[in-house]
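Open the model in your viewer and keep the selection tool ready.

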Amino acid sequence: HSTSDPEVLVSLLTHKLTKAAIEEGVKEARLLLQDWITILYTEYNERISRSRKRHGSETLPSSSSSSSSSSSSHFPEEESSDLDLFFNEIPQLKILPRLVFGLLKNPLMQTDATNEPDRWTFYHHLYSSLSPTMLRRALYPVLSSYGAPNNLSSSQIVLSQASLES
């Protein structure tokens, strides 16, 4: 995981999902994407947990002290607050959940009636021809703010309602 490039991962994942959408339908492709991110989180947290146990490290600082029951957790020996859902151990993957969210919300993965076959084909062709960097921007745009022309005051602002209003 530590040498993974999220842009390349999402590019490969997009190709796999469009192939699945063609062969099995968009609903199945969406389920495949949801399964993929769930498996990634599970494997990542299991590896982090094993690494900590091997090195005798403490767990991640928790925001709450309540523990979850072993029947509802995939990690019965750990507290649910010990799960790292933000890839804190591997910073380059922090953008990955946002890119997967962007992929789920993008017209390529929509199952509603407004997604006509010609439009879907357009998006399929567009996303399959973009470089990984441009695909990342298409799925999850980067916001930047300028104090004056040619004077960048802040870059890579997280896309949220609060950031848009400030």
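Select helix α2 (residues 26–55) and helix α3 (residues 96–105) in this predicted model. Their axes, lines fitted to C-alpha atoms over the stretch in contact, lie 11 Å apart at an angle of about 170 degrees. α2 is therefore roughly antiparallel to α3; the cut-off is over 145 degrees, on a scale from 0 to 180 between N-to-C directions. Helices are DSSP runs (H or I, at least four residues), numbered from the N terminus.

Now show side chains. On α2, pick Arg 30, Leu 33, Gln 34, Trp 36, Ile 37, Leu 40 and Tyr 41. They meet Leu 96, Pro 97, Val 100, Leu 103 and Leu 104 of α3, contact being heavy atoms within 4.5 Å. By class, this contact has 10 nonpolar, one polar and one charged residues.

Residues are numbered from 1 along each chain as its sequence is written. Local features need pLDDT of at least 70, side-chain atom pairs count only at 80 or more, totals for chains, interfaces and linings use all residues, and side-chain values use heavy atoms, without hydrogens and water.

Next, colour by pLDDT, the predictor's confidence in each residue, from 0 to 100. The chain's mean is 82, and 81% of its residues reach 70 or more. Helix α1 (residues 6–24) is highest, at a mean of 95, and helix α6 (residues 161–165) lowest, at 74. Finish on residues 59–78, where pLDDT is below 50. Beyond near neighbours in sequence, this stretch has 27 contacts in the model. Where pLDDT is low, predicted coordinates should not be read in detail.

Technical notes: Helices (H or I, at least four residues) and strands (E, at least two) are DSSP runs, numbered from the N terminus. Angles under 35 degrees count as roughly parallel, over 145 as roughly antiparallel, 65 to 115 as roughly perpendicular and the rest as oblique. Ala, Val, Leu, Ile, Met, Phe, Trp, Tyr, Cys and Pro count as nonpolar, Asp, Glu, Lys and Arg as charged, and the others, Gly among them, as polar.
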